[in-house]
Amino acid sequence: MNGAVGIVGAGAFGAALAIALARQGRDVWLWARDAAVVDHMRTTREIRRLSGAVLPENVSVTADMSDLGLCPAILLSVPMQALGGFLSLHAGNLKDRHLVACCKGMDLATQRGPTGLIASACPKATPMILTGPSFAADIAQGQATALTLACTDEAALKHVQQDLSGPILRIYRNSDVIGAELGGALKNVIAIAAGIVMGAGLGESARAALMTRGFAEMVRFATQLGARPETLMGLSGFGDLVLTCTSDQSRNFRHGLALGRGDSPDASLTVEGVATAQAILAQAAHLGVADQIPVTAMVARVTTGKTTIPDAIHALMSRPLKEE
Ligand SMILES: NC(=O)c1ccc[n+]([C@@H]2O[C@H](COP(=O)([O-])OP(=O)(O)OC[C@H]3O[C@@H](n4cnc5c(N)ncnc54)[C@H](O)[C@@H]3O)[C@@H](O)[C@H]2O)c1
Ligand SMILES: O=P(O)(O)OC[C@H](O)CO
């Protein structure tokens, strides 16, 4: 299919985007690595991870990457920690394309964001990031959703913005790739903290305080890396922070909720904030600014069992007093 949109990764988000883009009139190639999963989707047209949502007819499902050979834009919807491995296996099939990362996080092995991994693995491709407040289930149901698409190549950005936009997906463009990436990565970390706060029974006032101070931390860290503060105040930062910290649809929030309650989190879910907290902390330590991201540092320590939740709360509440 000439000009179809390619989507890699038929998990919740990849499948939801396929459904929405197809309903907006685009032909879609949806790639999954597992031939058995592809067979199941071809036969039943159902997406198990989306409560049986049905793939429209104009979504073709494949386990053969060469089927995406005529797709000018390919959306990469694999988990952040799997992106580097995926790109090194398939870089040969991804040359000269607009490669749109849909992952939210930072790679633990390299401390790079998704577009950095794409640029390094596929130097002839145009890296972009699609991010913002968006639950896969909402998108699959056709609920109106607004997202940020970021890229430094303005012409390519406008082109893909147009391609992905329609009655379900309203896409805002932004040239601040670092800000868009870090907003999506950091909000997942703060959402784990918000879940811990609620699970531990600290209450709504504490969650509001945590979100506010967490947002200050996101802006502080991201601007040090070159992000524009306005980007963090947009869909990819503030917007997604609000969604993810306040809804138990969020896996990151639910992970924190389980920890706060003293339960074991569901290890089968993609919870990007856990590895990302460690990656951000390592990067901040490298830059000498680890003391400026106290919430992220505490999430990294709690989720790796280096400190307890009561000790983490005590440590955050007894930091030196300062101006807001
Ligand atoms: N689910 C959502 O509501 C949502 C919304 C916005 C963004 N995202 C982001 O989208 C990304 C994917 O999340 P998801 O919810 O679809 O996760 P998911 O766990 O539902 O699906 C991930 C998919 O990636 C595949 N995969 C894993 N490793 C792979 C590899 N090495 N090579 C090829 N395929 C691989 C899995 O088989 C699975 O189909 C995450 O970064 C997430 O933050 C998710
Ligand atoms: O379920 P989560 O926590 O990965 O959140 C999904 C999306 O990122 C929300 O925008």
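Which hand does the crossing of α7 and α12 have, left or right? I started my notebook with that. The crossing is left-handed.

**Entry 1: confidence**

I am working with a predicted model. I looked up the confidence before anything else. The chain has a mean pLDDT of 97. I also noted that 99% of its residues reach 70 or more. For the complex, the predictor gives an ipTM of 0.99 and a pTM of 0.98. I wrote myself a reminder: where pLDDT is low, predicted coordinates should not be read in detail.

**Entry 2**

Next I followed α7, which covers residues 177-199. Two packed helices are described by an angle and a distance, both taken from their axes. I looked up both for each partner.

I took α12 first, at residues 272-287. It packs against α7 at an angle of about 110 degrees. The two axes are 8 Å apart. An angle from 65 to 115 degrees counts as roughly perpendicular, so α7 is roughly perpendicular to α12.

Then I turned to α8, residues 204-224. α7 and α8 pack at about 155 degrees, with their axes 9 Å apart. Angles over 145 degrees count as roughly antiparallel, so that is how α7 runs relative to α8. I noted a right-handed crossing for α7 and α8.

The axes of α7 and α10 come within 8 Å and cross at roughly 25 degrees. α7 passes α10 in a right-handed crossing.

**Entry 2: ligand 2**

The largest share comes from α10, with 3 residues.

I counted 13 residues around ligand 2. The nearest are Pro-133, Ser-134, Ser-250, Arg-251 and Asn-252. By class, I wrote down 4 nonpolar, 5 polar and 4 charged residues for this shell.

Which domains does the shell around ligand 2 draw on? I found domain 1 (5-175) and domain 2 (178-318), with at least three residues from each.

**Entry 3: ligand 1**

How many residues lie around ligand 1? I found 25. Gly-11, Phe-13, Ala-82, Cys-103 and Ala-136 come nearest.

I checked the helices here too. α1 (12-23) and α3 (80-90) each supply at least two residues of the shell around ligand 1. The largest share is from α3, with 4 residues. By class, the shell around ligand 1 has 13 nonpolar, 8 polar and 4 charged residues.

**Entry 4: looking back**

Terms used. Residues are numbered from 1 along each chain as its sequence is written. Chains are lettered from A and ligands numbered from 1 in the order in which they are written. This is a predicted model: local features need pLDDT of at least 70, side-chain atom pairs count only at pLDDT 80 or more; totals for chains, interfaces and linings use all residues. A residue is near a molecule or strand if its C-beta atom, placed from the backbone, lies within 6 Å of it. Ala, Val, Leu, Ile, Met, Phe, Trp, Tyr, Cys and Pro count as nonpolar, Asp, Glu, Lys and Arg as charged, and the others, Gly among them, as polar. Domain bounds come from an automatic or database domain assignment. pLDDT is the predictor's confidence in each residue, from 0 to 100. Axes are lines fitted to C-alpha atoms, for helices over the stretch in contact, and angles run from 0 to 180 degrees between N-to-C directions. Angles under 35 degrees count as roughly parallel, over 145 as roughly antiparallel, 65 to 115 as roughly perpendicular and the rest as oblique. A crossing is left-handed if the near helix is turned anticlockwise from the far one by less than a right angle, and right-handed if clockwise.
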